[in-house]
Amino acid sequence: GYGFLSENASFAELCEENNIIFIGPRSKAIKIMGSKLAAKEAVKHYNIPMVPGIDEAITDVNKAKTIAKNIGFPILIKASAGGGGKGMRVVEKESDLESQMNRAISEATSAFGDGSVFIEKYVTSPRHIEIQIMADCHGNILHFFERECSIQRRHQKVVEEAPSAVLTPELRERMGQAAINVARACDYVGAGTVEFLLDADHNFYFLEMNTRLQVEHPVTEMISGIDIVREQLLIAGGAPLSIKQEDVVLTGHSIECRINAEDPRTFMPSPGTIKTFHAPGGHGVRVDSHIYSGYTVPPHYDSLIGKLITFADSREAALAKMRQALDELVVDGIRTNAA
């Protein structure tokens with residue numbers, strides 16, 4: 001699943017030590033892919049495209065200018081200790097570099113007590129494209145096409161779809177092979193997702209790997225006809241993948257909307273008791289949820305209370321079906337983002 005323990009390397013390791021089969025990758029793979037720098041290091045030998053940049057902190061403006069020229073503008077200056085957008089500056093041209101770097105350093109120093117910054121290429125108008133992979137214990141690795149997850153708020157996904165509206169069959173195959181190589185780099189076993197940034201010119205760059213089932217796995221199941229959870233269980237039992245890459249065929253279009261218990265105007269959580277719950281239905285409509293009329297949404301966890309998935313022959317038809325399904329969905333007693 002995608003709960004607290006699904007990406008916990010120590011938990012997976014304890015299972016291994018006690019002869020308990022962990023349904024997921026080995027602890028080593030979780031560890032490697034859990035660190036962005038370790039992940040980059042691991043996939044280096046497979047010629048996976050990375051966002052151009054440096055993996056070390058700098059404070060020397062002249063050195064920064066040389067690096068920036070090599071990478072090409074626009075660039076992104078990032079605080080090494082940073083987070084929440086602090087100590088982050090986009091620089092469009094060389095003449096702005098010194099002032100923006102000084103600003104980033106001073107902002108990082110006051111926010112984190114650490115002024116070190118690093119530089120990478122700024123990807124303009126990026127799209128978030130991820131590739132679903134499955135690997136068995138016998139060295140077989142398959143990809144199940146891509147999901148487009150660019151519609152986000154605060155770096156959290158809200159709407160996902162498969163396939164992406166912008167990928168060509170040739171680019172899909174290249175990204176699929178890159179994802180397979182990322183899995184190979186860490187001896188991956190089970191279901192996993194390799195995330196990429198796609199720029200406006202359709203160049204793709206490795207972001208990270210999620211070493212578990214993703215929330216949005218249903219859209220891939222709909223377009224591929226593969227039950228990913230079933231395959232995970234079979235793989236964990238030692239079975240080889242029952243299909244080959246050429247058997248995986250892309251059919252139709254699928255969209256998922258995450259239904260969250262939150263105020264749609266402020267995104268503040270909205271826990272409480274659900275008075276009435278009515279799930280939409282019909283051909284090509286799927287609801288994955290644990291809620292029911294009378295269920296109390298606790299305040300302690302992620303606000304996700306359900307996933308609404310539609311499937312149709314075309315993107316337009318899947319969207320029309322989704323609009324209707326959202327209209328039919330009833331969750332009374334708390335606020336949700338359905339509207």
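Reply: Happy to! Let us begin with a term: a residue is called buried when its relative accessible area is under 20%, exposed when that area is over 50%, and partly exposed in between. Keep in mind that this is a predicted model.

Lysine 93 has a relative accessibility of 46%, so this residue counts as partly exposed. Its salt-bridge partner is aspartate 96, and the closest N and O atoms of the two are 3.1 Å apart. Aspartate 96 is partly exposed too, because its relative accessible area is 26%.

Now compare that with glutamate 130 and arginine 147, which form a salt bridge whose closest N and O atoms are 2.8 Å apart. This pair links distant parts of the chain, 17 residues apart: glutamate 130 sits in strand S4 (residues 127-135) and arginine 147 in strand S5 (residues 141-153). Glutamate 130 has 0% relative accessibility, so it counts as buried. Arginine 147 is likewise buried, at 0%.

Strand S5 also holds glutamate 146, whereas arginine 172 lies in helix H6 (residues 169-185), so this pair ties together parts that are 26 residues apart in sequence. Glutamate 146 and arginine 172 form a salt bridge, with 2.7 Å between the closest N and O atoms. Glutamate 146 is buried because its relative accessible area is 0%, and arginine 172 is buried with a value of 13%.

Some salt bridges share partners, and in this way Glu130, Arg147, Lys157, Glu160, Glu195, Glu216 and Arg258 are joined into one network. For the whole structure, the count is 24 salt bridges.

Notes:
Residues numbered from 1 in each chain as written. Predicted model: local features only at pLDDT ≥ 70, side-chain atom pairs only at ≥ 80, totals over all residues. Heavy atoms only, no water. Salt bridge = Lys/Arg side-chain N within 4 Å of Asp/Glu carboxyl O. Buried < 20%, exposed > 50% of the residue type's maximum accessible area, 1.4 Å probe, protein only. Helix = DSSP H or I, 4+ residues; strand = E, 2+ residues; numbered from the N terminus.
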